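Opening the notebook on a new model today. I'll jot down what I look up as I go.

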Amino acid sequence: MKCDAYFLQNIVQHYPWGEETAIPELLGIKADGRPFAELWMGDHPRGPSKVLSNEGKFEELGDLLSTNPEAFLGSGINGKYGGRLPFLFKVLAAKTPLSIQAHPNKAQAEAGFAREEAAGIPIDAPHRNYRDRNHKPEIIAALTPFTAMCGFRDRSEIIDGFSRLKSRTAEEKLLPLLKGKEHALSSFFTALLNLEKEDSKELTDALASWAREERGPLDGKQKEAALVRRFIDYYPDDPAVSAPLYLNVIRLAPGQALYQPAGLLHAYVEGVGVELMANSDNVLRGGLTHKHIDMNELESVLIFSSATPAILTPVKSNTGLFRYQTPAQEFELQRFDGGEATIEGRFPAVVLVTKGHLLFRVSGQADSVEAKRGQSLFLPASCGLQIKGEGQAYIATLPGDLLGEIIS
């Protein structure tokens, strides 16, 4: 097969929490007032990218891959992932908070999918939990300042936060569970999100009162209170508005990233980033949403331990690319920051230009093609790619794709 790079035509998802202008500006199109929440790049059935074929027609990327899966994906990837890309690449632009959520591991996803298939639940039913058999580890790298909540705080911090609220519900029904010796976090979280209506209102009223009083520079208690105030504006009756008191609040600078493994409770709050994940759409929600919540299923996948996620910064390789290292097997995120670099091409890749104009030359070809900000390309396996220019690009591929030894 002749090596070539394919420009992608991608799907935008207009979810209500999306920001109106960031993705249109990236793509160089006019905003139309709708929320542009996510730009999907890949072959996921709910939002497949299209490529321009040799006949001058657009076809779905998955259809192109199916014409010669071993050549496009590489024999190992094709065999392991059934002729599809193992990852889904996105641009995410959040204006309002996404739901508090977690993702299942592979075994949980397979079992949940089989269970719901046997029950005859339609794949697009609003109350369906598992829309595919895959797990969904993911990484998000910030393009703008980005706020997220991720992982349970230390139990002493949660106790301190809820003790400030002057709330009967907190004092009588939540704090005693946190101070217990066994299953403290799981007991607390289950009780919080299953409060009776009267108790939930009492707690959210106390949260609102506390948050109004805590004003000042956005650090420490003021940072948490500012988020609580925002959440109450959107979800005034949801006890999950207390999330900044039980989840770690993380601020990412552009270029920094967070990795979310299975079972980690998290929510993206605000900002624009590139997101890379295993090719799945399985989400179990636990608040800050009007969508379906299945608390029993969420609790069955959650890891109930305190953990502060590490903020990831990429490591430069000897090919000129920067590499975000995670345990994920289905994907690896890389970044090009200008100058000259090479993708040597053992695995398929999707390249998104996020700044400037870049020149791309595929191995074996004499001519370069230019790609500007917002354009993306699919690069088949075994096709190397040279990148030149003073712009920036993010690259979705797989671990160990001949980046070379990491520079120490």
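This is a predicted model: local features need pLDDT of at least 70, side-chain atom pairs count only at pLDDT 80 or more; totals for chains, interfaces and linings use all residues.

**Entry 1: helix 5**

I started with helix 5, residues 106-118. It has 13 residues, and I get 18 Å from its first C-alpha to its last, close to the 18 Å expected.

Next I looked up which residues of helix 5 are buried. I found Ala109, Gly112, Phe113 and Glu116, taking buried as under 20% relative accessible area. They cover an arc of only 100° around the axis, which puts them on the same side of helix 5. Turned away from the buried side of helix 5, I see the exposed residues Ala107 and Ala118.

Then I checked both ends. At the start of helix 5, Asn105 has a side-chain oxygen within 3.2 Å of the backbone nitrogen of Ala107. Just after the helix, Gly120 has a positive phi, about 75°.

**Entry 2: helix 7 and Thr169**

Where does Thr169 sit? I find Thr169 in helix 7, residues 168-178. Thr169 has 0% relative accessibility, so I log it as buried. Leaving out residues up to four places away in sequence, I have Thr169 touching Leu174, Leu195, Asp199, Glu202 and Leu203.

I looked at the start of helix 7 too: a side-chain oxygen of Ser167 comes within 3.3 Å of the backbone nitrogen of Thr169.

Thr169 is listed among the buried residues of helix 7, along with Ala170, Leu174, Leu175 and Leu178. These span an arc of only 125° around the axis, which puts them on the same side of helix 7. What do the buried residues of helix 7 pack against? I get helix 6 (155-163), helix 8 (184-193) and helix 9 (197-213).

**Entry 3: the whole chain**

Zooming out, I count 12 helices and 23 strands in the protein chain. Its radius of gyration is 22 Å, close to the 22 Å that the globule rule gives for 408 residues, so the chain is as compact as a globular protein of that length. Along the principal axes, the C-alpha atoms fill a box of roughly 75 × 50 × 45 Å.

I also noted that 57% of the 408 residues are buried. Of the contacts with a separation of 6 or more, 75% join residues 24 or more positions apart.

Key. Residues are numbered from 1 along each chain as its sequence is written. Side-chain values use heavy atoms; hydrogens and water are left out. Helices (H or I, at least four residues) and strands (E, at least two) are DSSP runs, numbered from the N terminus. The expected span of a helix is 1.5 Å times one less than its number of residues. Buried means under 20% relative accessible area, exposed over 50%, partly exposed in between (1.4 Å probe, protein chains only). The arc is that of the directions from the helix axis to the C-beta atoms. A polar contact is a pair of N or O atoms within 3.5 Å; within protein, one must be able to donate a hydrogen and the other to accept it, and residues adjacent in sequence count only if both atoms are side-chain atoms. The radius of gyration is taken over C-alpha atoms; the globule rule is 2.2 Å times the number of residues to the power 0.38. Contact means heavy atoms within 4.5 Å.
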